[in-house]
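Visitor: I am new to protein models and would like to learn how to read one, feature by feature. Could you take me through this one slowly?

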Amino acid sequence: MKIRILETSDMHGFVLASNYTERQMNLPFGMTKVRSVMRKIEEEATKDDIILKVDNGDILQGSALAYYMAKQSSNGVVDLTAVTNSFDYDLGLLGNHEFNYGIDYLKDYVANVDYPILAANVLDKENKPAFGQAYKIIEKKGVKIAVLGLLTQYIPHWEQPKTIKGLTFKSIVETAKKYLPQLREEADVVIVAYHGGFERNLETGEPEEALTGENEGYQLLKECGQWIDAFVTGHQHREIAQSVLGVPSVQPGYRGANLAEIVLELYENKNIIDSETRLHPVGDFAEDAEVLSLISPVSNRAEDWLDQTMGRVSGDMRITNPMQVRVMEHPYIEFINKVQMESSGAKISGTALFNNEAKGFQESISMRDILTNYIYPNTLTVLRVTGEDLRGALEMSATYLFLDDEGRIVFNPKFINPKPQYYNYDMYEGIEYTIDLAQAEGSRIVELSFEGQPVEPEQELEIVVNQYRGVGGGNYSMFDKSKIVSEITVDMTELIGEYLEKHPVIEATSNQNFKVLQALKD
């Protein structure tokens, strides 16, 4: 007898095989293709196989289609849950991005799915699981399978306080120690599903990131592995299929590029004799007809909405080299900072180029261009900081740049693997500054001025950044909610649209207010 655990995670609203930069795409990912792979596995299963399907979270936000469903469609989340329900999941998890469109939208999602959502370490005011169940015991073919659901505890460092008011996020290790011994007694097989990843190297155990509690997978297996038969993970967008500390573990990547599988082989007495981990790439599969029929009506409306013209560009605001944008100010970055400054009244603004797929703006700007460049539903936060805080933030940002062996400026590899963090490198407007990569980390900001004068350590300044950065997201410890003086609760997509209404033709300009120096080759 075999238990085949099929896991999806971090599909981020990419229902179709498209990143929505244009119509009619056929890219190697998407929920439609995942469903096709899942059907194939189900068809090939023997009559003795037990199939358990898990969605590991981060499904509500991320694509232009997801934004349309959350912000424009009268059906809201119903169209998306119609798709997820068609997968016949046994259970689902919440991801951190499930909170991005507000608590009511999240609750609508939980109410509309026809499978339980597990979140053992997210507690309400009565110290009970806030979204229903902590775990689920499922009996199939006489085998009792327990699944404990966990979510990264780090959400308060990213989300607006009002969104998570009344919720407490506990460490997964602390929570697992509460439940796993009990589940080990009650079930034949124990699975942990965690919307989070690994903080340490899977082979050596050496830390691969700051040990903040955002990812606790390695620590969980180290302290609780004796109770766990299988471990399904997510959040980091990594592709993992291997044994970690003796526990078969998987993580399927991003946007539905893979379906992850753990196979547990059982004796007749239900003890596990063997295990296997696999990733099934979906790229070569056709899109599932049922999912296409479910999503097509809302998708067609979304495509028409995305194609509406919002404004025009005078000059060149296209992005052809993402890395060059990060070392020499680009008109698109200056434009985003201008939107933030006008919307907030702040004289200093910071923003990022969130990924390497951004194409900037063509001469005609569509809503599609706005959403596929500015991919997060961020609101804005104005912070009152000191000159020392601002310098510290710039030093932190500078750590994301790196000189390779040939003296070229590249994105720091340690912030690409295990997870790309392009969104954590900020570029500022309203100040003049110089980054010297020949200097040691922490001493790279060699010039910093505001309104023509050097910025002093004790000087008070107001800056505008997105809410993720404003509460310290990305390990920017110099920022926190105590420094917030105002918030703009309209998300950036709408703010960009409003700006273009006032300025229907924008100039592609860049004042080159920052520069990056590099070491000279011998």
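Guide: We shall talk about salt bridges, a helix, strands and a pocket.
This is a predicted model, in which local features need pLDDT of at least 70 and side-chain atom pairs count only at pLDDT 80 or more, while totals for chains, interfaces and linings use all residues. Residues are numbered from 1 along each chain as its sequence is written, and side-chain values use heavy atoms, with hydrogens and water left out.

Visitor: How many salt bridges does the structure hold?

Guide: A salt bridge is a side-chain nitrogen of Lys or Arg within 4 Å of a carboxyl oxygen of Asp or Glu. The structure holds 30 of them. In one, Lys 71 meets Asp 491, with the closest N and O atoms 3.3 Å apart. Lys 71 lies in helix α2 (residues 64-71) and Asp 491 in the loop between β28 (484-488) and α13 (492-502), so this pair ties together parts that are 420 residues apart in sequence. Helices (H or I, at least four residues) and strands (E, at least two) are DSSP runs, numbered from the N terminus.

Visitor: Which residues of α2 are buried?

Guide: The general idea is that an α-helix has 3.6 residues a turn, so residues three or four places apart point the same way. In this case α2 is mostly covered, with six of its eight residues buried, namely Ala 64, Leu 65, Ala 66, Tyr 67, Tyr 68 and Met 69. These buried residues pack against several helices, among them α4 (103-112), α7 (289-306) and α13, where contact means heavy atoms within 4.5 Å.

Visitor: In what order do the six strands of the open sheet lie?

Guide: Strands of a sheet pair through backbone hydrogen bonds, either parallel or antiparallel. Two strands are said to pair if DSSP finds at least two bridges between them. Here the order is β4-β3-β2-β1-β13-β14, and the pairing is mixed. The edge strands, each pairing on one side only, are β4 (117-118) and β14 (272-281). Strand β13 (residues 258-266) runs antiparallel to β14, and nine bridges join them; Ala 260, for instance, stands opposite Leu 279 in β14.

Visitor: What do β25 and β26 form?

Guide: They form a hairpin with two residues between them, and Glu 451 in the turn has a positive phi of about 50°. The two strands pair in the antiparallel sense over two bridges, and Phe 450 has Gln 453 as its bridge partner in β26.

Visitor: How much space lies in the second largest pocket?

Guide: On a 1 Å grid over the protein atoms alone, a pocket is an open set of points, where a 1.4 Å probe fits, with protein on both sides within 12 Å along at least five of seven lines, and lining residues have an atom within 4 Å of a point. Grid points are joined across faces, edges and corners, and a volume is the space filled by probe spheres set on the points. The second largest pocket has about 310 Å³. Of the 17 residues that line it, Lys 71 is among the closest to its centre, together with Asn 100, Tyr 101, Gly 102 and Gln 160.

Definitions and conventions:
Buried means under 20% relative accessible area, exposed over 50%, partly exposed in between (1.4 Å probe, protein chains only).
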